[in-house]
Amino acid sequence: MSNLLINLVDNGAIGINRFADFVKTLGGGDSEMTLTEVLIISRVLFAVVMIGFIGYFFDRIKLALLPVENDAKDDSRRGR
């Protein structure tokens, strides 16, 4: 069980190191990113954006299909 925990921490540290290198690169540091790391980051960002668009799409569909409840009180003078 301890080997599994060690491997999990090591893999997490690799991900953190990649993210730190990405931040250093954005900050103008000398850290170079490989093409593989750039593709991984771009895929993750693309997935996040697509999930946002899909959520927005379903929210707009829900608003278009379901009637909006009006919480305003009926005006008794409307029929006069």
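Analyst: Contact here means heavy atoms within 4.5 Å. With neighbours within four places in sequence left aside, Arg18 is in contact with Glu37 and Ile40. The model is predicted, so local features need pLDDT of at least 70 and side-chain atom pairs count only at pLDDT 80 or more, whereas totals for chains, interfaces and linings use all residues. Residues are numbered from 1 along each chain as its sequence is written, and side-chain values use heavy atoms, with hydrogens and water left out.

The setting comes first. The protein has two helices and zero strands; these are DSSP runs numbered from the N terminus, helices being H or I of at least four residues and strands E of at least two. Of its 80 residues, 1% count as buried, where buried means under 20% relative accessible area, exposed over 50% and partly exposed in between (1.4 Å probe, protein chains only). The protein exposes about 7,700 Å², and carbon and sulfur atoms supply 64% of this area, computed by the Shrake-Rupley method with a 1.4 Å probe; for residues, only the protein chains shown count as cover.

The largest pocket holds about 150 Å³ of space. Ten residues line this pocket, and the closest to its centre are Arg18, Phe19, Phe22, Ile40 and Ile41. Two or more lining residues come from each of α1 (2-26) and α2 (35-65), with α2 giving the largest share, five residues. A pocket is an open set of points on a 1 Å grid over the protein atoms alone, where a 1.4 Å probe fits, with protein on both sides within 12 Å along at least five of seven lines; lining residues have an atom within 4 Å of a point. The points are joined across faces, edges and corners, and the volume is the space filled by probe spheres set on them.

By class, the lining has seven nonpolar, one polar and two charged residues. Ala, Val, Leu, Ile, Met, Phe, Trp, Tyr, Cys and Pro count as nonpolar, Asp, Glu, Lys and Arg as charged, and the others, Gly among them, as polar.

Arg18 is found in helix α1 and counts as partly exposed, because its relative accessibility is 36%. Ile41 has its place in helix α2 and, at 22% relative accessibility, also counts as partly exposed. The C-alpha atoms of Arg18 and Ile41 are separated by 9.4 Å, although the two residues are 23 apart along the chain. Ile41 and Phe19, 22 residues apart in sequence, lie 8.8 Å apart, C-alpha to C-alpha. Not counting residues up to four places away in sequence, Ile41 touches Phe22 and Met33.
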